[in-house]
Amino acid sequence: MKNTTVTFKNKKTDGEKITMLTAYDYTTAKLEDEAGVDSILVGDSLGMVIMGYDSTLSVTMEDMIHHSKIVARGAKNALVVTDMPFMSYQTSVYDAVVNAGRLIKEGHADAVKLEGGVKFEEHIRKIVDASIPVVGHIGMTPQSVNSFGGFKVQGKNIDDAKRIIDDAKAVERAGAFAVVLECVPTPLATYITEILSIPTIGIGAGNGCDGQVLVYQDMLGMYSDFTPKFVKKYGELGESMKNCFKQYCSEVKNGTFPKEENSFKMSEEVMKQITE
Ligand code: KIV
Ligand code: NA
């Protein structure tokens with residue numbers, strides 16, 4: 001059965017953890033969906049792990065729509081949340097609603113996610129008014145990497161912690177159905193989880209959140225440019241892939257691939273007529 005915003009709400013009420021992973025393509029989305037992941041995030045992290053940029057800032061609406069509709073085809077049960085890219089909502093409330101609509105209509109997303117709290121309360125409210133479910137994203141928000149001066153944990157001092165709490169309340173007040181807490185200390189994330197009625201999804205935010213999200217290339221050990229402290233590697237698929245690629249190259253070079261079982265036959269009679 002397709003998960004909805006109600007599934008998220010019920011899980012928080014029942015004290016059941018919510019699972020979310022990123023995906024950017026059909027094959028991966030289908031594997032995650034079959035594994036029982038509750039929700040798939042088409043993150044603008046695709047700028048880094050798929051497109052090879054060193055931040056998420058260059059990702060466009062076209063990039064997000066392209067990957068979102070591909071993921072949606074593989075997500076039978078998982079709720080598809082698609083990120084609003086940098087400058088698709090910061091410019092105005094109007095732009096926010098129009099671009100959120102595009103992610104639903106053209107990207108076939110079930111919900112959208114955008115970064116920021118207090119400053120974007122009205123943006124979130126108007127998207128929700130258009131019947132588009134919204135996930136908030138606060139704490140270390142990667143689209144603000146240049147203002148933060150790097151990908152750094154947020155909320156360690158009193159002013160920052162209070163600002164993040166205000167952001168969390170603003171996101172809830174605006175009508176978001178969930179909020180991602182990225183790179184904030186565990187006690188702060190746990191406190192926010194307790195005071196909010198909507199579920200919190202943590203990444204680098206400790207075990208007190210209502211759910212967790214990870215970038216799948218990080219958790220599979222496929223992306224080596226940068227590995228944050230909060231990532232747990234559930235496999236070393238990058239090494240496995242490299243070994244398979246190496247073995248393929250050597251078998252092609254030494255002629256052991258393809259074998260007869262990988263090849264097609266035809267009658268000797270026909271070949272005789274050609275070569276005669
Ligand atoms: O883009 C992304 O993958 C994200 C998660 C890290 C929450 O926003
Ligand atoms: Na993102």
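**Burial and overall layout.** I began with burial: of the 276 residues of the protein chain, 47% count as buried. Here buried means under 20% relative accessible area, exposed means over 50%, and partly exposed is in between (1.4 Å probe, protein chains only). This is a predicted model, where local features need pLDDT of at least 70, side-chain atom pairs count only at pLDDT 80 or more, and totals for chains, interfaces and linings use all residues. Residues are numbered from 1 along each chain as its sequence is written, chains are lettered from A and ligands numbered from 1 in the order in which they are written, and side-chain values use heavy atoms, with hydrogens and water left out.

I then listed the secondary structure and found twelve helices and eight strands in the protein chain. I take these as DSSP runs numbered from the N terminus, with helices being H or I of at least four residues and strands being E of at least two. The C-alpha trace spans about 85 × 40 × 35 Å along its principal axes.

**Ligand 1.** Which residues come nearest to ligand 1? I noted Gly-43, Asp-44, Ser-45, Asp-83 and Lys-113, out of 13 residues around the ligand. Near means that a heavy atom of the residue lies within 4 Å. By class, I sorted the shell into five nonpolar, four polar and four charged residues. In that scheme Ala, Val, Leu, Ile, Met, Phe, Trp, Tyr, Cys and Pro are nonpolar, Asp, Glu, Lys and Arg are charged, and the others, Gly among them, are polar.

Next I checked polar contacts, meaning pairs of N or O atoms within 3.5 Å; within protein, one must be able to donate a hydrogen and the other to accept it, and residues adjacent in sequence count only if both atoms are side-chain atoms. An N or O atom in the Ser-45 side chain is 2.6 Å from an oxygen atom of ligand 1. For Lys-113, I read 2.8 Å between a side-chain N or O atom and a ligand oxygen. Asp-44 has a polar side-chain atom 3.2 Å from an oxygen atom of ligand 1. The protein covers 95% of the 260 Å² of accessible area that ligand 1 has on its own (Shrake-Rupley method, 1.4 Å probe).

Is Thr-22 buried or exposed? I found Thr-22 in strand 1, residues 18-22, and it counts as buried because its relative accessible area is 1%. Its side chain makes a polar contact of 3.0 Å with the side chain of Tyr-24.

Leu-237 belongs to helix 11, residues 237-254, and is partly exposed because its relative accessible area is 35%. Leu-237 and Leu-220 are 17 residues apart in sequence and 5.6 Å apart in space, C-alpha to C-alpha.

Most residues other than glycine have a negative phi, and most peptide bonds are trans, so I went looking for exceptions.

- The bond from Phe-257 to Pro-258 is cis, with omega near 0 degrees; Pro-258 sits in the loop between helix 11 and helix 12 (268-275).
- His-108 has a positive phi, near 55 degrees. I placed His-108 in the loop between helix 5 (93-105) and strand 4 (111-115), and it is partly exposed at 45% relative accessible area.
- Ser-131 has a positive phi too, near 65 degrees. Ser-131 lies in the loop between helix 6 (121-129) and strand 5 (134-139), and is exposed, with a relative accessible area of 66%.
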